[in-house]
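Me: I'd like to learn how to read a structure like this one, feature by feature. Can you walk me through it?

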Amino acid sequence: MRRKKLSYPYYIVVLLVLVIVPYTRNAIGSGIKFITKPIMSSLAERGSAHFGFFSGILNIRNLSNENEELSSKLKKSIVDQVELNELRVENDSLKKQIGYSEDDQSEGLIPAKIIGRDLASFMDFIIVDKGSDDGSAVGEAVLSQGILVGRVSEVWKNQSKVILVTSKDSIVQAMLQSSRAMGVLKGGLSGIALENIPQDSEVVTDEIVITSGLGGGIKQGIAIGTISGQKSGNAEIFKVFSVKPLIDSNKLELVFIQKKL
Amino acid sequence: MSIAYYIIITFITLLLSLLDTSYLSFLEISGATILLSYAVLIVLALLDRKKPTFFYAAILTLFYSAFSSLPILFLIFMFFATPLAIQYSKKRFSIENNIVIILLVFFISNFVFEGLLILISKDFSYLALNALISFTTINTIAGMIIYFCTKAVTNYLGIKK
């Protein structure tokens, strides 16, 4: 007689997934991520190394324009840097005179490697290899080259999930550096938008958008992007601007989690 | 299917999920990445492997719920409805696998996958359309390659259904 083939594991697994997974996503996810962390890190390193080259080729069309744009910005930056250095010296001197002390800005930064990314481009998040054991906590800012790239949304023992500023779920309290108008920065597939800017604010293209520090968690003055255009009409109560991020989140490999003060 | 077979499928699913989230996610083309694991699911459904297909779908839902932020109901719907729809259509209309049918299956499945995601996110824009076209194109090509590679390997090894 032919032996009946084993089929119960199939039914058990399908039923378990359908019933249990929706209610235990975080717990199961945390366990699986903990076990697979070394493989994830290794694959992410290789992926970044292999596909960085291809990404360059795919974007070669834009490189020439970007090069010209960057050259002109560099010249302007050199002039700005000279002015900034002068102001820094003056600022230090004034601080000394009034006895003001400031904590070292580099303190409280946790370097973290990106070991996973979201599959859907508009639900942007990344997974980094630092978790609660390393001091990471929910709500902390995540930076790269001093620029805000996102905030920690979930923390596990050895890993954290970071919602990028480009994500549709991201909301950051922000302000304009020159006009000092405060608003709310929201992500989405159609780009980042700075909302709730009062109509009387004078905003110019390329003005830098920084964090306002409202709501806690993220310090004031961290650069996010530049204004690339106005989205709202004149009849609306508040102005809405589209914001060009200063950093391409797809090219990130290493980030820093800024611990809360 | 033996226990060993289930374990092998589980490991392959884990490997494919990790490849999608940690390796291939760095190759972004116009806002879309390659989903190898979804392509493999479609291949299994096309090759009429009913039991492995749904076991694979269940394990894939489990791993994707861990590694991605996609809604659970969306994952369950896509990973179970896609093979069901393929197998039902093949049976209902007595379709045999040929290059046009395979191309259509991959195209429609990937289009529905990304299209449904855009509907869920309610973010209808030029970039969303760009991502939809890009996702459908690159995953249809990847799926076709995987299908013909799988077919070649199974023929070479003499594996029957």
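Predicted model: local features only at pLDDT ≥ 70, side-chain atom pairs only at ≥ 80, totals over all residues.

Me: How do I read a backbone phi value?

Reply: Most residues other than glycine have a negative phi. Now look at chain A: A:Gln145 has a positive phi, near 55°, and A:Asp206 has one of about 75°.

Me: Where in chain A are A:Gln145 and A:Asp206?

Reply: Both are in loops. A:Gln145 sits between β3 (141-144) and β4 (147-155), while A:Asp206 sits between β8 (192-198) and β9 (208-211).

Me: Why does A:Gln145 count as exposed?

Reply: Because A:Gln145 has 12 C-beta neighbours inside 10 Å, and 12 or fewer is the cut-off for exposed. A:Asp206 is exposed too, with 10 other C-beta atoms within 10 Å.

Me: And how do I read a pair of packed helices?

Reply: Two packed helices are described by the angle between their axes and the distance between the axes. Take α2 (residues 36-46) and α6 (residues 126-157) of chain B: their axes come within 9 Å and cross at roughly 50°. That makes α2(B) oblique to α6(B), and the crossing is right-handed.

Me: Which residues of α2(B) and α6(B) meet?

Reply: From α2(B) you have B:Leu36, B:Ala39, B:Val40, B:Ile42, B:Val43 and B:Leu46. On the α6(B) side they meet B:Asn139, B:Ala142, B:Gly143, B:Ile146, B:Tyr147 and B:Thr150. By class, this contact has nine nonpolar, three polar and no charged residues.

Me: What about nonpolar cores?

Reply: In soluble globular proteins, nonpolar side chains tend to be buried together. Here the largest nonpolar core has 88 residues, and B:Leu41 and B:Ile42 have the most contacts inside it. Helix α3 (residues 50-67) of chain B gives the largest share of this core, twelve residues. There's also a second, separate core of six residues, which includes B:Ala32, B:Ala128, B:Leu132 and B:Phe135.

Me: Which residues does B:Ile42 touch, not counting those up to four places away in sequence?

Reply: B:Ile42 touches B:Thr82, B:Ile86, B:Val105, B:Phe106, B:Ser109 and B:Gly143.

Me: Last one: how many residues of chain A are in contact with chain B?

Reply: 41 residues of chain A are in contact with 43 residues of chain B. On the chain A side, α1 (8-58) and β1 (109-117) are the elements that give two or more residues. α1(A) gives the most, with 24 residues. By class, that side of chain A has 25 nonpolar, nine polar and seven charged residues.

How values were computed: Residues numbered from 1 in each chain as written. Chains lettered and ligands numbered in written order. Helix = DSSP H or I, 4+ residues; strand = E, 2+ residues; numbered from the N terminus. Buried ≥ 20, exposed ≤ 12 C-beta atoms within 10 Å, placed from the backbone. Axes fitted to C-alpha atoms, helices over the stretch in contact; angles between N-to-C directions. Parallel < 35°, antiparallel > 145°, perpendicular 65-115°, else oblique. Left-handed = near helix turned anticlockwise from the far one by under 90°. Contact = placed C-beta atoms within 7 Å. Nonpolar A, V, L, I, M, F, W, Y, C, P; charged D, E, K, R; others polar. Core = buried A, V, L, I, M, F, W, Y, C linked by C-beta atoms within 7 Å.
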